[in-house]
Amino acid sequence: MADNPRQDMYLEISRNLVDQELRDLRNYVSGAKILPAGFVQHADAHQICNQLEKEQKLKPGDLSLLAGLLRRIGRHDYAEKAEKIAEDERKDIFQKSVKKYYELKLPHFKPLIWNDNFTLTLSDIFTQLELVPTSEKQLKTTTKYKRSESDLKEQRKELKSLDDLFNPDVTGLSTAPRCILIEGEAGGGKTTFLSKEALDAVSQKTELGKQHDITLLIRLREVRKGETIEQMVWDQCVDETTEGIDVQSIRTILKRNKSRVLFLLDGYDELRPEARVAGQAIPKLLSGKLYSNSTIVITSRPSAGVQQHTRPDCHVHITGFSPEHMVKYVRKYFFITENPELAEEFIRQYFTVIDWNYSDADEDDYRLSDTLESSPESHDGEEVKVQITTLAPVLNVFLKDNKILNNVIQTPLFLLLVCLLWEEDQEMVATGTMTGLYDNLLTCLVRKYCKREGVDMPTEGLPTEVAESLLQLGKLALEALLRNETLLDLTEVEKEKVKWELLLKLGVVSLEVSSSRLHPRKQLNFSHKTMQEFLAGQYVAHALLNQDIVELLQLTSITKALELSNLLQFTCGCDSRAAQTVMEELSNLSKEFSHLRTDDFQKSLILLVKSKIEKTVETYRRFVLLCLDVLNEKKEPYVLQAVSRALPVIIMDLHRHSKPHAALKYYLQTIQSSHLPDIMILESFDVEVSEALQELEQIVPSPIPGLKVDLRLKYVGFDLVPDKTVQHLQQCLPGLRLDLNLSGQFDSPDETARLASVLKNVPGLRVLGLLHTDLTPSSLQPLVQGFRHMSLLEELDLSWDGALGDAGMEVLQVGLSSVPHLAVLRLGEVNMTAVGMSSLAPKYMHHLVGLRELDISENWIGYTGLESLTTVLPIFTAMQVLVLYRIGISPTGMRTLVPVLCQLTRLIKLDISGNAIGDPGLECLAAILHHLTAMKVLVLSRTDISDTGISSLIKALPHLVQLQVLDVWYNKIGDSGIVSLVQTLCQPSSLGMEQNPPGDKSLTTAPHCNTTLQELNMGFNSGVTGAGLGRVAQLIIALPALTWLNMSGYPSTPAHLSDTAAMALAEALSRLPALEWLHLEYISMEPAGFQAVVQAAEEHPTLERLIYSKELVPEGADTTASCLELG
């Protein structure tokens, strides 16, 4: 018998009702004329229930009548059971309704609204995904060392599907992600991808679907201000014929199943501005204030602002089609359009296909597969089976060298458009610009329209009526774009007297009745947002003849320009005068970057949290791409001159941003030597060295005297660099500087011998990194011998190669004389002891007079090794960064070290953490700090210091006028020491305090601020209590520049903050305008105090993370704040 909870309950009720309860049930049912009395008087409870169901009085999901009857006869137990069964039924009805709706709406779609024959199924979509690590937990490398944000971005992993994100081995996360952000450029397939995920999830085909009972796909462009999540679901996810499901029942279902709900939010960049503000439903959902235990996948164009509401656990990029998928897609298109021969011509033109046929291999594995995939398609009004030749995995497909087109056709929509143009006229494909591609597409559509309608197509331009209608549509497209909308209300279109029927026939828009039941309306939908931006760009180019660009586009900032980047590109591509106007305004806006210096484009060695400068550099990088994209659309002298004025530094990713390459090449070939950028910084990763250098060779085909180029390569493999490439770069770019950080294993001498032979031919090598590459003394030998060919080397990093040991240092010492310009030497965790240190210093390091950074972290060299080091340190008068973390320095060792340190007057970072120097050691250091006034970072964590040592430090701090970072984490400091320390830090530089009369503390109590200190780490100190932290909370308002603050308690004896102290901390947060991270681990609070701190953190404009101990959260406290991270 099939499982039927209702019938089981009916039978159970019938068996267990006593005679009096049955009589009462009969009387109530007949007396209220619910069922005929004649039937009821002879029926048992089971029969009564079945009859009520038969007469539709007990509908699926609604047993309220039965529950009421059972309560009236005193059987509350069965009433509750009936309500639980009804609730489960409603959930089941809801799930089936959602599934039915998706299966009806999602499987088939028409990407070309003017071509009814070309219908795709979601199974035809092959979208590549790439995981971008967003936290230390997701990095492949050891967590012992802090990595920069750029490192986080560079360690990317290709994903097979979103299911990979629930595999800890892939993500590095210990728990399943709550929020997944998927970013992709316009036309990249984000909407289609999410539709496929929704359909697969409700069909339980994916792990994502199996882990969630309810999958809800919400198109954010349909969302209006004031809508609730439940209204959105009822509006967009439920079959309208479903009975028993309304907004209230949806709310109940979601609340009771919130840990099993998957929200798929499509197109944050299309969400109306008024629906994005705090307090609206989508921001509350993202921040965790609504359905905090649900899972969210949200798509967006890059930099649309998702992160202002949530910190995604996983960040995924849609990177478009692989070449294999492109070929398959092309064949499908031309099969449906009955031109299969055009597909093969297209493939021959733009792809190289290599079929590896091995005679001894299994025939099914190494050939072009004869298997045919079938999918039902509508073709000429009939249902047909479309057969597609699939590519076996062994078939290698490569794109031929056509940078502009290659960048375009990796995007699904644009590949489709290129196929359409190829079918019409192969000459229309090779435009080289996005505007040209869309302009040709529009011309193609108009030609088809004219042919169908018998309208004359002029030899130049478009028919007058068509051109006027497109211009009107462009105006409406712009107005909608500035409102962040992609749909045009037909009523508004008609008010403007636009000939929308003609536009429908052209195929640039489609007429649809909104699927929204909350906002039913007829509307015009653009084939894609990029088509809207193109038409709007055409209108802007026309309107700029008579209107001011700032007024027309509200173009008042760099941020606004980046939001409108596609529109600006199309505008420039449409008209030369418009391009000049746009670039003049962008050049004016570029003054926002006037404070940037060349050095600002180097990575910070100092701060954990990005400084304002680093964030500005990130924005500048995006601005560079916009300017180059504009130049690519309109390669004309006045645009070039404006780009040159706007970009004193060019910085871009060589490998990822291929579209601007043509523009950059034009720029470099055409620009006058007097207008060269100060420096050009090109970056790339996960490529071969030769590939990157050949890429640069193509960008710079001829000599450019005076051009300075930094080529920064990370996680790259090495191979043979062609002599031709080396000679070309030596001739054309004498100012080339190459930063090379290699990946792979180098534990074999043969491997490093090959590497050395490659490196000696690499021009301009300045930086060599071999971190975590398993180097051994024997494999290091060939490399060191090759140093004589790398005499310009400025930076060498062999960190985390623990097999080197002392023997490795003996090998290294020989090569140091070959690199006299070495300025950075990092040897962290190479298992060096005092023996190894004596091998290097002083005999073999004495000539490195330009050394600016030395890192020998986690090498236990002890007192003897330190003595060797101190004999050579005075030579390094240019030293700026000295990292001596955990090398075995004792108080005695400090007495040996500090006389030497006081000679390093340029030192900006000193890290002696992890060494048990104690108070005597800190007293020695404090005594010479007045010599080190350039100091910006002082790291004293885990050094066994207490209040006594801190008191000596306090006396010296006023001399450190540039101090930005102070770290005294995990020591023995108590309340008195920590409060005195913060009191001192809260003062601006006050060297005059020494002249105060005895007992005069006016300088230590004056209400001044320290606007220099940005990071303060004083957590995990064993003597600090809640009282001390409460006093600190009152003081820190005088540190307004803080971006990172750790005032955590001690793990074994957590501190307790009273409500008064917690309220003081909450108040202080509002007066720390730059704060981004706040650590409050091992601190307990009362519910009111905890809530006040969390609320202040959540309302803080810049605070991203409030880190708190999970076990110390007050019972019943709200922990849904997006910034709150429980550990």
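Buried means under 20% relative accessible area, exposed means over 50%, and partly exposed lies in between, with a 1.4 Å probe and protein chains only. The model is predicted, so local features need pLDDT of at least 70 and side-chain atom pairs count only at pLDDT 80 or more, while totals for chains, interfaces and linings use all residues. Residues are numbered from 1 along each chain as its sequence is written, and side-chain values use heavy atoms, leaving out hydrogens and water.

**Stop 1: a pair of rings**

Rings of Phe, Tyr and Trp (for Trp, the six-membered ring) pair if their centres lie within 6.5 Å; planes under 30 degrees apart count as stacked, over 60 as edge-to-face and the rest as tilted. The count by this rule is 20 aromatic pairs. For one of them, select Phe346 and Phe351: the ring centres are 6.4 Å apart and the planes stand at 45°, so this pair is tilted. Phe346 is buried, at 0% relative accessibility, and Phe351 is buried too, at 3%.

**Stop 2: a pair across the chain**

Next select Phe1020 and Tyr1082. Their ring centres are 5.4 Å apart with planes at 75°, so the pair is edge-to-face. The two residues are 62 residues apart, and the pair links distant parts of the chain. Helices (H or I, at least four residues) and strands (E, at least two) are DSSP runs numbered from the N terminus. Phe1020 is in the loop between strand S29 (1015-1017) and helix H42 (1026-1035), and Tyr1082 is in the loop between strand S32 (1077-1080) and strand S33 (1083-1085). Phe1020 is buried at 9%, whereas Tyr1082 is partly exposed at 23%.

Then show Arg942, whose charged end sits over the ring of Tyr970, 4.1 Å from the ring centre. That term requires NZ of Lys or CZ of Arg within 6 Å of the ring centre and within 35 degrees of the ring normal.

**Stop 3: helix H30**

Select residues 689-699, helix H30. Of its 11 residues, 8 are buried, so H30 is largely enclosed by the rest of the structure. Among the buried residues are Val689, Ala692 and Ile699.

Axes are lines fitted to C-alpha atoms, for helices over the stretch in contact, and angles run from 0 to 180 degrees between N-to-C directions. Contact (heavy atoms within 4.5 Å) is made by residues including Leu693 and Leu696 of H30 and His728 and Leu729 of H31.
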